[in-house]
Every structure is written in structure tokens, then in C-alpha cells.
Amino acid sequence: MATATMGSGGPALQASERQMVLPTNLLTGIVLAAAGYYVGVQIGNGLGFNDQLNTGVLLGYTFGTLLFLVGIGFANYPLARLFGWPIAPQSAGDEYRGAWRFLNLSLDHKVIGIQYLVAMLMAMFFGGIGAMLIRTNLLSPDQLVVPPDKYLVLVSMHSVMMIFVASAAIVGPFGNFFVPYMIGTNRMAFPRLEALSFWLVPPAIIILLAAPLFGGFPTGWTGYAPLSEQAGQGFDSYIVGFTLIGTALCVSGINMLTTVISLRAPGMTWTRLPIFVWGVFSASILGTFAAPILASALIMQGLDRSMNTSFFISSNGGSPYLWENLFWFFGHPEVYIFILPAFGIVMELIPHFARKPLWGYKTAVVGLLGVTLLSWFVWQHHLFVSGIAPALRPFYMLSTEMISIPTGIVFLVAFGTLWRAKISMTVPMLFCLGFLFNFLIGGLSGVFLSDVPSDVTLHGSYFSMAHFHFTIVGGEIFAIIAAIYYWFPKMTGRALNMTLGKIHFWWMMIAFNLAFMPLFAAGILDMPRRVSTYAPSLQSLNDWVSFWAYLLFASMLLFAVNVIWSWFFNAKVAPADPWHVRSIEWTLPTPLPRRNFERIPTFTSGPYDYGQPSPRPVADPGPEPAPA
Amino acid sequence: MAAGNVAEPAAPAFTHRGMPTLATRSPEWEPEVDARVARVGTRIWIVADVFFFAAWFFAFFYLRALNNNYDWLPAGTTHPTRGIGAVIVLLAIASAGLYWAGARTVLAQRVTARLFFWLALIAGILCFGVQIYEFRNLGFDPQQGGGYPSVFVGLKGVWLFQLTGAMLWLAAQIAQTRPMGDVIIRPKSAVIFGNFMVFLAAIALVAYLVLYFV
């Protein structure tokens with residue numbers, strides 16, 4: 001038995017070389033997942049509930065996921081504790097090297113960030129394929145690609161997949177990778193939770209993709225009862241997949257909040273925190289506290305479908321409105337989980353490329369926290385057409401309109417920073433400016449929809465659909481792409497081709513606006529969403545939209561080519577600081593060293609102190625250690 | 001693969017399949033830092049769990065107020081025996097209290113602390129057992145419909161699930177009270193787990209008042 005001493009000044013900790021019975025890696029995880037699924041199905045079906053075999057599928061997915069996590073290695077630490085083995089409370093080393101570590105359990109926040117980035121891009125690709133199928137189907141007023149009953153299944157798959165992506169596509173890759181750097185720490189608070197938040201995502205995506213094998217789920221992403229109660233086994237994918245994503249959101253939030261609260265370096269005061277960290281922090285507040293509500297509601301759905309309880313069945317003492325309330329109590333904060341870190345990215349990048357301090361930093365923080373707070377008080381605007389008490393409508397209309405105030409503050413800060421600035425029109429900056437344009441349209445149409453009369457008229461139409469695509473695609477996705485162009489050199493050591501990047505921006509910006517802007521008109525002309533047919537008079541409009549949607553998808557393929565070529569086939573290492581900006585991550589060498597900081601830095605100034613004659617460095621790396 | 005600018009790490013001193021490995025001195029992993037992180041993280045986790053349970057209490061009051069089809073309490077359904085519910089609550093409180101007491105003496109009187117932990121575990125297991133007994137003798141069948149039966153088995157079920165997890169962690173804490181075990185090295189982190197035990201006991205108490213008396 002090999003032993004070692006760990007720690008400095010503390011008690012010695014003995015380590016043993018005990019091995020688990022099974023090697024823990026991705027392959028073991030997959031094998032155990034298959035076995036777990038089989039066992040779960042057998043047990044569930046054997047219980048004999050009158051449930052159309054939903055119990056078997058639910059238990060199959062659950063057991064499969066749990067055993068997948070065991071196979072990956074998540075049980076090793078708790079088992080070691082349980083057996084009383086010596087444990088090491090730190091995540092200093094991965095067993096695997098090279099590319100293999102990205103396919104296995106790693107507790108390194110940098111590896112997890114890249115794992116997230118790749119997974120999110122792949123999920124976005126699947127969701128994009130769904131979008132293309134939808135638009136192809138809508139080339140004709142009658143069914144074209146899929147029959148009407150499957151069209152809603154297709155829309156549901158697209159929407160849930162994209163919701164998965166939008167939930168985690170900023171905090172996952174960029175939050176995990178850069179927050180420790182930005183606050184000056186060498187560790188995350190809970191590396192295992194951080195890794196767990198990622199490793200819950202692949203099973204969730206696979207389970208969701210498996211839904212069509214069981215007939216899919218004809219409920220959209222909202223999963224409303226009684227559609228959910230009537231749906232076949234495909235809806236079990238929704239329950240388990242969404243529960244996994246909710247769990248990932250919650251554990252990721254706990255880790256991120258604790259890290260920012262507890263592990264900031266000396267000098268990294270709350271008023272020096274980079275605005276991107278504030279965006280991640282506020283989104284993490286929402287994720288941590290909203291996702292448990294969703295988890296509870298999904299467990300109720302699972303119980304209704306397996307044990308025949310009656311949470312959402314009116315005729316047996318339940319109520320579909322219970323689901324609507326619980327779902328949207330999570331669901332509306334959820335949309336701010338999407339957008340708050342996107343605000344953070346845009347406000348982070350604009351000062352760097354405007355070479356000006358962030359105008360109204362504290363106001364921006366108030367704006368982010370204001371959105372965080374108000375987002376808890378707006379959920380019932382989703383129920384305006386569901387028959388809520390009329391007396392409640394004015395309050396929720398007002399609260400929804402009020403949330404445009406902190407959102408407007410974010411715009412004010414962005415434009416205040418851009419005012420009279422010497423703007424570098426880099427590719428990340430172009431995407432930030434694109435974000436401001438698109439999100440303005442999405443936001444203003446949201447204010448319009450928050451009014452009860454317009455919401456009642458337009459709720460089920462393409463107007464509403466165009467509104468949230470302008471906020472999520474035109475807003476969040478543009479911010480994500482800005483972040484990829486900006487941070488890619490630091491994350492991968494390779495720079496993206498900026499000429500292709502500029503082509504990508506203009507192509508995507510034009511195609512996006514020409515695809516989605518006409519959908520406001522389609523909505524006003526009463527074209528209903530989630531329906532495969534429409535009035536023949538709207539065919540030209542729809543063909544136009546589909547054409548530009550294809551071009552939008554093609555622009556993303558160009559982006560994918562740029563990413564793959566630059567990452568895997570470009571031998572040239574990116575410079576350490578290609579943007580010449582103040583943020584601390586760019587002061588570190590490329591490729592990044594294994595250990596973030598040899599010595600914990602002391603922050604001496606903010607990251608946006610541009611325009612000063614002799615600005616202080618953002619951080620003091622600290623004195624050299626005295627020779628032993 | 002040309003990817004991944006994360007520089008290759010030096011080979012760690014020890015590998016432990018899938019587990020973090022021992023490495024060089026690193027002040028950010030000192031017990032004091034871990035205690036701070038555990039304290040903040042546990043509080044956040046407890047607030048998140050408040051939201052989790054709030055959904056179930058919301059379901060209780062919402063469905064009770066609606067009483068759709070007069071099926072909140074279907075005909076023939078009665079509340080389970082209050083005595084059994086009280087025993088469950090008392091055992092949960094005892095388990096939390098014993099852990100709390102043990103965690104505070106873990107450095108000064110390790111053997112006493114271990115005894116307290118064992119007693120806490122026994123109380124928790126008994127609590128689990130009584131809850132299972134109650135589930136098997138409810139006096140109603142949730143499969144027959146009804147808002148109350150649905151909320152009862154759901155709320156009690158998710159609480160029991162969390163209690164099971166807490167008992168497993170408690171067992172791990174006992175295992176780590178050996179000399180140089182993790183609980184001895186990081187006693188403050190061990191104390192913080194008591195907060196969650198107290199929280200679970202509090203939820204048991206509130207659920208008891210709501211499910212048996214309202």
C-alpha cells in the first residue's frame with residue numbers, strides 16, 4: 001500500500017491505492033447504463049401498476065442514469081467515505097491524459113468547461129435539425145414531411161432540446177471555465193457537483209432523443225396536463241430528461257454561488273467582480289432555487305403516470321392548473337437563466353472592445369439583480385389565457401412590464417459604454433452589437449405581449465413564437481457565439497479564423513432577421529403555432545421564412561467548419577492576449593497551466609479601468625516565495 | 001487531437017480510479033477553506049430544498065382549496081394515525097439532535113461522538129422503518145384517486161428519499177471518525193452536516209402538522 005502526506009500544517013492524511021472492483025470510465029458507464037435500463041424496465045413492469053408500462057420506462061431511465069454515473073466514477077468518493085477509506089479532499093489530478101480526459105470524469109473546471117462546450121454545440125446541432133424539419137414541413141400549407149400528429153412531437157423535440165441548450169450553454173462552458181480565473185481562485189467550491197452537473201447532461205440528451213422510439217411527446221416544452229396524462233411512454237423521456245437538466249441546473253448553481261461567495265481572492269471585492277461573473281451569479285440564483293420546483297412538479301407527473309396518483313387529474317381531485325403554476329414558477333425564471341449570463345457576456349465584452357470603463361457598473365449590477373428578483377413575480381402572465389382569476393391579471397401585467405426596467409438598465413449601460421468610444425469592430429464585438437439589436441426587438445415585443453389584451457389575442461400565434469426566438473436566438477445564441485469567438489483562443493489555444501467570423505456574423509444576422517421578423521406578421525395574421533397546417537394565403541410568407549431559415553442553418557455550418565478547422569487542424573498556437581484587454585484570464589499564458597495561479601493574486605483594480613493615463617494592473621501576482 | 005490548451009499535468013503522486021488524487025501542498029484545500037465552503041454551500045442547498053418542499057406544500061393547499069370533483073378526500077378516506085406520524089417526527093428530531101451533539105464533541109471526545117453518531121443513525125433507521133410501516137398501513141390507496149392521498153404519498157415519499165440519503169451520509173461520517181478520518185481532520189465541515197439533519201427534522205414537523213391536522 002502506498003501512502004502519502006497531504007496538506008500543509010494540518011494533520012497528515014494517509015492515502016491508499018485501493019481500486020474499485022470495476023474500472024470507472026466512460027465505457028463502464030455505458031455498459032452499466034444499458035444494464036441499469038434493462039433492470040429498471042423489468043422491475044417497473046413487474047410492479048404491476050395499471051400504468052401502460054410507464055413505470056418500467058421511468059425506472060429504466062432512472063436506473064440507467066444512476067448506473068451510468070456509477071460507471072463514470074461518481075460513486076467512488078461516497079463509497080470510499082462509507083467504507084472508511086482515506087480520502088483526499090482535493091481535485092488536483094486526473095487519471096487520464098490527452099483527449100481521453102474529456103470523455104471521462106474530470107474534476108478540473110477547465111476540462112469540464114470544454115466538455116460542456118462540445119456537448120452544447122452538439123445538442124444545438126440536433127435542435128437545429130429539428131428546426132429545419134419544422135420549416136420544411138411548413139413549406140406547404142398542408143402536411144409535407146411529417147403527419148399532423150407527429151408534427152407536434154417534432155416541435156416538442158426541437159423546443160425541449162433547445163431549452164436544454166439555452167439553460168446551460170453559457171454557465172456550463174464559460175462559467176465553469178472562467179469564473180475561477182476571474183475571481184482569482186485555483187478551485188471550485190464543489191468540483192464533484194460541478195462534474196455531476198455536466199455528466200447529467202449526456203444522459204438527459206440521450207433520453208430525450210429516445211423519446212421518438214416511444215412515440216414522442218405531443219406536449220411542447222411546457223408538458224401541460226392533461227396532454228401529459230394522455231401521452232404515451234414518450235412523455236417519460238420528458239419527465240426524466242427534464243428532471244436531470246433541472247438537477248444539473250441546481251447543483252451547478254450551488255457550486256457557482258458558493259464559489260463566488262467563498263473563494264474570491266484578496267482584493268476581489270463585490271464591486272470589482274467582472275460583470276460576466278455577476279451574470280453567472282444571478283442566473284445561478286435562479287437556477288438553484290427555481291429548478292427544485294420543476295423537479296417536484298416532474299416527480300408529481302411521474303407519480304401520476306406510474307402510481308396512478310391524481311395531482312393533475314381534475315376528475316380525481318387533482319388539477320392541471322397545479323402543473324401550470326408549478327411549471328411556470330420555474331419556467332419564467334428559467335428564461336432569465338438563459339438571458340442573464342448573456343447580458344453578462346455582452347457587458348463584459350463591450351468595455352474591452354470600446355476601450356472604456358463599463359458605464360454605470362453598479363447600475364448594471366442592480367439591473368441584473370433586479371431582473372433576478374422580479375422574475376419570481378411574473379409567472380402567471382403565462383396563464384392569462386388559461387382562465388386565471390381576472391383580478392390577478394393587472395398585477396402580473398404590471399410586474400411583467402416592470403421587469404423591462406432593469407432590462408432597460410442593461411441596455412442603458414451598454415449604450416452608455418459605447419457612447420463616443422473608439423470601438424474595435426472585432427467579431428465578438430459584432431455579435432454583441434447584433435445581440436443589442438435583436439434583443440431590443442425581442443424585449444419590446446415582450447412588453448407588448450405582457451399587456452393582457454395583446455397577450456390574449458396573440459398568445460397562441462407566431463407572434464409569441466417570434467418574440468421568444470428574438471430573445472433566445474437573436475439574444476442568447478448571439479451572445480454565446482460572441483463568447484466563443486472571444487474566449488476560444490484561451491480555452492483551446494487556437495484562434496478562430498476572423499475573416500470567416502465576419503462572414504458568419506453578417507450571414508447569420510441577415511438570415512436571422514429575415515427569417516424571424518416576418519413571423520411577427522404571420523402571428524398578427526393569425527397563424528397558430530404548434531400546428532402543421534395554415535391558411536393557404538400565408539404560403540408565400542412561410543416559404544420566405546423557410547428559405548432564410550435554411551440560410552441561417554447554413555451560417556451555423558460555416559461556424560462549425562471554422563471551429564473544427566481552427567481547433568483540430570490549425571497548428572498555430574494563439575497568442576496569450578490577442579485582444580489586448582485587461583481581464584485577468586488574458587494575463588495568463590496560453591496554453592493555460594494546469595494550476596490556475598501559482599500564487600493567489602491580489603486584485604488591485606477593476607477589469608474595465610480603461611482610459612486612464614497610468615492604469616494599475618488588474619492584479620498583483622504576489623511576492624515570490626522565499627527560498628526554502 | 002490538437003485541442004485542449006490545458007497543459008499536461010505532472011503525474012500525480014497517487015491515482016485512485018475516478019477519485020481525486022493526492023497532490024502537492026495547496027492552501028486552497030485546507031480544512032478552514034473547506035469549512036467555509038461547506039457552510040455556505042449547505043445553507044444554499046437548504047434554501048434550494050425549501051423551494052423543493054414548498055412545491056409539495058403548495059400542491060397540498062392548492063388542491064385542498066380547489067377540491068375538484070369533491071375528491072380532495074375521497075369517500076372512505078381518513079387521515080393516517082397521528083400517533084405514527086408523531087413517532088416519525090420524534091425519531092427524525094432525535095436523529096438530528098444526536099448528530100448535532102456528537103458533531104460538537106468530535107475532537108474532544110471522539111469515542112463519545114462516535115456513540116452519538118451511531119445513536120443518530122439508529123434513530124434515523126427506525127424513522128425510516130416506521131415511515132415504511134405507515135405507507136403499508138395508510139388506510140387509503142393513492143391509486144384510487146384523491147388530492148390528499150396523492151400529496152401525502154408524494155410529500156412523505158420525497159422526504160423519505162432525502163432521509164435515506166442523509167442516513168447514508170451519516171453512516172459515512174461514522175466511518176470517517178476513525179483516527180485521521182475525514183471527520184477528525186475537518187470537524188467543522190462535519191458539524192455543518194447537522195444543519196441539514198435539523199432541516200429535515202423541521203420539514204418532518206411541518207409536514208406532520210399539515211398532513212395530519214389541517
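From the N terminus on, the elements of chain B run α-α-α-α-α-α. The model is a predicted one, in which local features need pLDDT of at least 70 and side-chain atom pairs count only at pLDDT 80 or more, while totals for chains, interfaces and linings use all residues. Residues are numbered from 1 along each chain as its sequence is written, and chains are lettered from A and ligands numbered from 1 in the order in which they are written.

Of the 214 residues of chain B, 44% count as buried. A residue is called buried if 20 or more other C-beta atoms lie within 10 Å of its own, exposed if 12 or fewer, and partly exposed in between, with C-beta atoms placed from the backbone. Among the contacts of chain B between residues at least 6 apart in sequence, 80% join residues at least 24 apart; two residues are in contact if their C-beta atoms, placed from the backbone, lie within 7 Å.

Chain A is assigned two stretches, domain 1 (21–85) and domain 2 (106–569), with bounds that come from an automatic or database domain assignment. The C-alpha centres of domain 1 and domain 2 of chain A lie 30 Å apart. Their contact takes 16 residues from domain 1 of chain A and 16 residues from domain 2 of chain A. On the side of domain 1 of chain A that touches domain 2, helix H2 (residues 54–72) provides the largest share, ten residues. The residues of that side divide into ten nonpolar, five polar and one charged. In this count, Ala, Val, Leu, Ile, Met, Phe, Trp, Tyr, Cys and Pro are nonpolar, Asp, Glu, Lys and Arg are charged, and the others, Gly among them, are polar.

The buried residues of H15(A) are A:Pro406, A:Thr407, A:Ile409, A:Val410, A:Val413, A:Ala414 and A:Thr417. These cover an arc of only 150° around the axis, so they sit on the same side of H15(A), the arc being that of the directions from the helix axis to the C-beta atoms. What covers them includes helix H12 (320–354), helix H13 (361–374) and helix H16 (427–450) of chain A. On the other side of H15(A), A:Ile405 and A:Phe415 are exposed. After H15(A) comes A:Arg420, whose phi is positive, near 60°.

A cis peptide bond, with omega about 5°, joins A:Ala225 and A:Pro226, and A:Pro226 is placed in the loop between helix H8 (201–209) and helix H9 (227–230). The peptide bond from A:Thr590 to A:Pro591 is also cis, with omega near 0°. A:Pro591 belongs to the loop between helix H20 (539–569) and strand E1 (602–603) of chain A. A:His580 lies in the loop between H20 and E1 of chain A; its phi is positive, near 55°, and A:His580 is exposed, with 10 other C-beta atoms within 10 Å.

Key
Helix = DSSP H or I, 4+ residues; strand = E, 2+ residues; numbered from the N terminus.
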